Amino acid sequence: MNDFLRVNDLHIRYRTIEAVKGVTFSISAGDRLCILGSNGAGKSSIVRALAGMVRPTRGRVMFGTGLTDITSWPAWKRAREGFAIVPEGGRVFRDLTVRENIQLGAYSRRGLPSEQRIRETAAVFPAMAERLDERAGSLSGGQQQMVAIARALVSQPQVLIVDEVTSGLAPILVDEVFAALRELPDRYGLTLVVVEQNAVRALAISERAIILDRGVVVADESAETFRNSSTLLDAYLGAAQ
């Protein structure tokens, strides 16, 4: 398959600190890619660059069937053209209901989603479909993460980027979230990028993986290659697993 999202020679600097140093990777339409690495590896900086929240000092981000250069596009334009981000920790609007949080995910599409679309999206996590009228702040941290994923999905994105989805979640909720993520590309026809420290979980739902270390890609292999070689994974990630 042809590339649908491509990052080429990406450099990101914060004043005197170069957080990302020449990162290159690509992903085909409908595929699942995980980006792994320990804290400080540069994962979140790449998420911000993909979302249009930080401007790289060098390199390009290209997107779509014709690989349009979107490096200079602002975040709102990327959202309108099919990018959706689930930030670390979910970051729901605690005083709004679950339904209202999900509705906000469609703002870039110029209009509120139908009630049917809200319910279908919430049903990705069955417990959420029953709590649409409850305040998001009354939910557990894991349930709020589910609301954040549903909020991203309601915009019907072409690319969904999920940043540190397991952060602070109980193991039983981790299972549910990753089970849902595995289904999303087929269910919604989207391309999935999962940014994670939990290598075992992320590799289980991915087709390809890249590993970052101090802003550099140190490995780019099929997920199966890493799943079948704990020695190889240990060599790159060690305690980060």
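## Strand 3 and its partners

Strand 3 and strand 8 (residues 191-196) pair in the parallel sense over five bridges, where pairing requires that DSSP finds at least two bridges between two strands; strands (E, at least two residues) and helices (H or I, at least four) are DSSP runs numbered from the N terminus. Strand 3 also runs parallel to strand 9 (residues 208-213), to which four bridges join it. Leu 36 stands opposite Glu 196 in strand 8 and opposite Ile 211 in strand 9.

## Basis of the model

This is a predicted model, in which local features need pLDDT of at least 70 and side-chain atom pairs count only at pLDDT 80 or more, whereas totals for chains, interfaces and linings use all residues. Residues are numbered from 1 along each chain as its sequence is written, and side-chain values use heavy atoms, with hydrogens and water left out.

## Burial of strand 3

Five of the five residues of strand 3 (residues 32-36) are buried, that is, under 20% relative accessible area, with over 50% counted as exposed and the range in between as partly exposed (1.4 Å probe, protein chains only). Both faces are covered, with Arg 32, Cys 34 and Leu 36 on one side and Leu 33 and Ile 35 on the other.

## Helix 7

The buried residues of helix 7 include Leu 173, Val 177, Phe 178 and Leu 181, and what covers the buried residues of this helix includes strand 3, strand 8 and helix 6 (141-153). Helix 7 is followed by Gly 189, whose phi is positive, near 65°.

Conventions. Contact means heavy atoms within 4.5 Å.
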